Amino acid sequence: MRAVQVKEFGGPEVLMPVELPDPEPEAGEVVIDVAYADTLFVETQVRSGWGREYFDVTPPYVPGGGVSGTVTETGPGVPAEWLGRRVVSHVRGSYASRAVAAVSGLAVVPEEVDLLTAAALVHDGVTGAGLIERTAITRGERVLILGASGGMGTLLVQLAAARGARVVGLARGAEKTSLVRELGATAALDITTEDWLLSTREALGGSADVVLDGVGGELGASAFPLTADGGRFSAHGAPSGDFARLDTREAANRGIRLFGIGDVQFGPAELGRLAGYALGEAANGRLRAVIGEVFPLERAREAHSAVEQRGMVGKVLLEC
Ligand SMILES: NC(=O)c1ccc[n+]([C@@H]2O[C@H](COP(=O)([O-])OP(=O)(O)OC[C@H]3O[C@@H](n4cnc5c(N)ncnc54)[C@H](OP(=O)(O)O)[C@@H]3O)[C@@H](O)[C@H]2O)c1
């Protein structure tokens, strides 16, 4: 099969197209003929050698963890009716033309949803839907979303708004803030302006019941004071290079519940349920995946450069 490997930790140039043996399905597994693989900001960070304490990978490895495609082979014990079904799945190593996946982790893609959209939702839709559930966002709550123009951010804006929340998004530049408003935020502020913090407080009417921080670092830490007493703050994002460092004592004193990356790790059953939910929302037109650009698999290094340079509006995907 065709694949792309990280040959050593480093810049996008370490992503090399290679030929690897076709995967064989074991008991309870299927082979997916991959249509699209998604890319995540974190994959560029892991490729660069960041986060070794969280991510157990050693080069050479095939990066990526989510695919959409068609089942072409079934392993022992897997009913033959899976053959030909359009599915999404989390896999280990998705930058490849074929992937092996446990049948228990497959979600069937509804007819109304194309495989490109399905791939854009395989991680971001699942985590986004899970995050909205974990932080229990309800009607009328004020929700602040950092990184609102990102792959997951664009979905979080829509999912929180669909729950009846009043959403305020933070993004960089006029094009991205305008997209965030279009997706259902009542306000979107540009973090490159000097007074973004003040304008954000005003847009929230004082403070946020829930803060969803997909950026981390200094930006995440500066948004923490905007959290209402008794509110929730999720520090699940680190594209800035680190998760937001928060004063846990202050959080406890103010009754703020903190969530982290560990709160968005889901077991196989939950993954399947959340994927089904996100795909269902896309099928009925309530959830729109914003696609920035699609690169052929062999040009994965350009895809990583695009993600790192943050110029793209929407999700970057690989056509496998
Ligand atoms: N997707 C998932 O399933 C998942 C699961 C667990 C955790 N997460 C974490 O959630 C975060 C967001 O994920 P995503 O998939 O939405 O990523 P993404 O599509 O790459 O979006 C990241 C967002 O962060 C902003 N950003 C990037 N670098 C920044 C910096 N140095 N300073 C300020 N803002 C920066 C970008 O906005 P601008 O370019 O407009 O500034 C962009 O909107 C990531 O840290 C990811 O690891 C995601």
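Q: Which helices each supply at least two residues of the shell around the ligand?
A: In this predicted model, helices H1 (41-47), H3 (124-134) and H4 (151-162) do. Helices are DSSP runs of H or I with at least four residues, numbered from the N terminus. H4 gives the most, three residues. Residues are numbered from 1 along each chain as its sequence is written. Local features need pLDDT of at least 70 and side-chain atom pairs count only at pLDDT 80 or more, while totals for chains, interfaces and linings use all residues.

Q: What makes a residue count as near the ligand, and which come nearest?
A: Its C-beta atom, placed from the backbone, must lie within 6 Å of the molecule. Of the 27 residues around the ligand, the nearest are Phe41, Gly147, Gly150, Arg172 and Gly237.

Q: Why is the ligand shell said to lie between domain 1 and domain 2?
A: Domain 1 (2-124 + 266-319) and domain 2 (127-264) both give residues to the shell, so it lies between them. The bounds come from an automatic or database domain assignment.

Q: What makes the 94 residues a nonpolar core?
A: A nonpolar core is a set of buried Ala, Val, Leu, Ile, Met, Phe, Trp, Tyr and Cys residues joined through C-beta atoms within 7 Å. Buried means that 20 or more other C-beta atoms lie within 10 Å of a residue's own, with C-beta atoms placed from the backbone. The largest such set has 94 residues, and Ala119, Val143, Ile145 and Ala278 have the most contacts inside it. Each of domain 1 and domain 2 contributes at least three residues to this core.

Terms used: Buried ≥ 20, exposed ≤ 12 C-beta atoms within 10 Å, placed from the backbone.
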